[in-house]
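Here are my notes on the structure you sent.

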Amino acid sequence: MPAADDALDARLATIFSARDRTRMAPTIAAFLQVLAEHPDDARVLYEVGGSYDTAGEEETAAGYYERALAAGLDGETLRRCLLQYGSTLRNLGRFDESLAVLDRALAEFPDSESVRVWQALSLHAAGRSDAAVAALMDLAADRIRTPDLLRYEQALRGNAEHLRGVDRERGDAAATASEQAHRH
């Protein structure tokens, strides 16, 4: 990594570590100053989006996340951006878009527990609680490897699959009802 990238990363980290989640204006101003100097840098765009997101300004955050993704993020920064963007879309009530972003995050980062949890939140917010619980049960079965839970692993996975089936049936029934409503 070039020295300029190292210096920019250090500057971004310093601003992030100094943030006060209850008073985000100074953090936003600091990141916007860096953005003025690096207008097309994906990492800077992501940090600006994150600061607006923390401030509760989701519409503004979403735009910066979109720009950051278009500018080409990778690695952990891409994972964090996809998770945060998916969460922001959920908060904006854009559930299908949220799930699409989080599906992409899961495809690219299948071992990320945080992405799996945030996907469950978006499923729940979209009214798909059966699928949300199934996702969390899968995560528990995959990651909580205690003797107590391992004893019930097959039952846990079976119940998760059952809940996914219930979710699919509800989705199929809703699609059929929608098609019938459009015909009349």
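1. Surface. The chain exposes about 10,300 Å². Carbon and sulfur atoms supply 54% of that area. Keep in mind that this is a predicted model.

2. Burial. The chain has 184 residues, and buried ones make up 39% of them. Buried here means under 20% relative accessible area.

3. Extent. The C-alpha trace spans about 55 × 50 × 30 Å along its principal axes.

4. Secondary structure. Ten helices and zero strands are found in the chain. Read from the N terminus, the order of elements is α-α-α-α-α-α-α-α-α-α.

5. Contacts along the sequence. Take the contacts between residues at least 6 apart in sequence. Of these, 46% join residues at least 24 apart.

6. How do helix 4 and helix 5 cross, and at roughly what angle? Helix 4 covers residues 58-71, and helix 5 covers residues 75-91. Their axes come within 10 Å and cross at roughly 145°. The crossing is left-handed.

7. Who makes that contact. Helix 4 contributes Glu-58, Ala-62, Tyr-65, Glu-66, Ala-68 and Leu-69. From helix 5 come Leu-78, Cys-81, Leu-82, Gln-84, Tyr-85, Thr-88 and Asn-91.

8. By class, eight residues are nonpolar, three are polar and two are charged. The helix 4 side includes Glu-58 and Glu-66, and Glu counts as charged. On the helix 5 side, Gln-84, Thr-88 and Asn-91 take part.

Terms used. Residues numbered from 1 in each chain as written. Predicted model: local features only at pLDDT ≥ 70, side-chain atom pairs only at ≥ 80, totals over all residues. Heavy atoms only, no water. Axes fitted to C-alpha atoms, helices over the stretch in contact; angles between N-to-C directions. Helix = DSSP H or I, 4+ residues; strand = E, 2+ residues; numbered from the N terminus. Left-handed = near helix turned anticlockwise from the far one by under 90°. Contact = heavy atoms within 4.5 Å. Buried < 20%, exposed > 50% of the residue type's maximum accessible area, 1.4 Å probe, protein only. Areas by Shrake-Rupley, 256 points an atom, 1.4 Å probe, with all protein chains shown as cover.
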